Amino acid sequence: MAITTPREVFAPYDPAYDPLVSPGPGHNRDYAPTYWAATAGTPPDDDGPITADVDADVVIIGSGFTGLAAALFLAKEHGIKATVLEANRVAWGCTSRNGGQGQNASGRLYRSQWIERWGLDVAKKLDAEIRFGFQTFADLVAQIDCDAQPGGHLFVAHRDKKMDFLRRETEVMRQHFGYDARMLSAEDVRRDWCGDQDAKGAQYESEGISVHPLKLAHGYLKMARELGARVHPASPVIGWETKNGVHHLRTPGGTVRARAVGIATGAYTAPGLYPGLKNRYFPVLSNSIVTRPLTPAELEATGFKTRIAITDTRTLRFYYRLLPDNRLQIGSRSAITGADAHREAHYRLLTEGLARKFPAIKDIEIAHSWWGWVDVSHDMMPRVVQPDAAQQVFYALGYGGNGVSFSAHAGRRLAQRIAGQADAAFGLPIYQGALPFPAQGEWAAPFRRLGQSLLYRWYWLRDEVI
């Protein structure tokens, strides 16, 4: 008689999860219903939940791109075998819900804004670091079967007035940073790239690799464990005390004691997990849909001749690309709260955007629809820091939706900081000081969502009407 192993049972996915009001990300929850979760295949082995009190040298909280990369590089470059604690399934948060676009960027600011904020010398050094980070990402992608789609990034002007903006940014990238970015006309875009009917032109940059994010995370998981890291899903941190310099992290199955802790939880950070993060970043929702595979006739009608990452110049931009199996993925910002995320209006924002850009497939079947939270810093740039020199606590947060590629390098730098290794790069702004409070002061934090709602209305008017 054959013996069958029962299928692992996960707690249901919570579509209304909201990091500002939910007590925590949950315990052993299943993935959101993403295309990535449906097509990633069987996950690599992990180490199962924590089931007893254990000692560890370093604990990383969060098993997304950053946490797994930190564990990987701690072992590979510093000989430290970290213990990774994950509340739900491995890579459950933003890592399994994003658009998979790996760009040569991090945070929300353009390079011209780096110059305005910090001056050209610092901007050039920051650019060199971001490029180094993109290479970290590219090197890992080259070792993992993750449906990589190299070739760069197309930044589409959705209105004529945005062409001047793209021309200025292209000139900054070429003149000050030595990139080969170039401008394309609307005819160029539709003839050589895709038939986006919104496009009034575009900027092309050759740096960019799109991936299947969950397959990439599975690769990170496998590599980290092969190097000696331990990764424990279904092990949320539900209590944290520090005694005589030792961190006691309580999980449902036992307490993990460690000398150092790295926080890599992104927008899925539980309230109260670490007091130093209260009101230091803002979680923002992003929605995504994936169509059924396009037929040859539909591919011809939509004019797709590329599979690279594409975004447009809306403030609440659309990001989209043709996937390896000829499905079209498109996403954008939408709801303000988790309780509101299920509303049809947010789904329609994407389907109507798809129809406007590619009217030939305006009624195409949507096979997958989901949403997830993005961690946005109040100054629009990430931080990989030790916020208090008296505590062995570190975090890497605030990517603002540009974390697919930079998270690999953030994990690497987080590992370096935890290992106590100095580096000249740590003088750069993204490695200096804690994430800031809102510009108005911490008192403004409870009103951020009201401000966000008003800003979204203004952004729509500015992007579509004015």
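The following legends describe close-up views of a predicted model.

In this predicted model, local features need pLDDT of at least 70 and side-chain atom pairs count only at pLDDT 80 or more, whereas totals for chains, interfaces and linings use all residues. Residues are numbered from 1 along each chain as its sequence is written, and side-chain values use heavy atoms, with hydrogens and water left out.

**View 1. An open sheet of 3 strands.** The strand order is β3-β8-β4, with antiparallel pairing; two strands pair if DSSP finds at least two bridges between them. Helices (H or I, at least four residues) and strands (E, at least two) are DSSP runs, numbered from the N terminus. The edge strands, β3 (101-103) and β4 (149-150), each pair on one side only. Between β3 and β8 (residues 208-210) there are 3 bridges, and Gln103 has Gly208 of β8 as its bridge partner.

**View 2. Helix α4 against the sheet and helix α10.** Helix α4 (residues 120-141) lies across β3 and β8, at about 40° to β8. Axes are lines fitted to C-alpha atoms, for helices over the stretch in contact, and angles run from 0 to 180 degrees between N-to-C directions. With helix α10 (residues 403-418), α4 packs at an angle of about 100°, the axes being 8 Å apart. The two helices are therefore roughly perpendicular, a term for angles of 65 to 115 degrees. Residues in contact (heavy atoms within 4.5 Å) include Phe132 and Phe137 of α4 and Phe406 and Arg412 of α10.

View 3. A salt bridge is a side-chain nitrogen of Lys or Arg within 4 Å of a carboxyl oxygen of Asp or Glu. Glu77 and Arg412 form such a pair, with their closest N and O atoms 2.7 Å apart. Glu77 lies in helix α2 (residues 65-78) and Arg412 in helix α10, 335 residues apart. Because its relative accessibility is 35%, Glu77 counts as partly exposed; buried means under 20% relative accessible area, exposed over 50%, and partly exposed in between (1.4 Å probe, protein chains only).

View 4. Arg348 and Glu352 meet at 3.8 Å, N to O. Both residues lie in helix α9 (residues 344-357), 4 residues apart, about one turn of the helix. Arg348, at 37% relative accessibility, is partly exposed, and Glu352, at 45%, is also partly exposed.

**View 5. A salt bridge between Asp423 and Arg413.** The closest N and O atoms of this pair are 3.2 Å apart. Asp423 is partly exposed at 31% relative accessibility, whereas Arg413 is buried at 5%.

Definitions and conventions: Angles under 35 degrees count as roughly parallel, over 145 as roughly antiparallel, 65 to 115 as roughly perpendicular and the rest as oblique.
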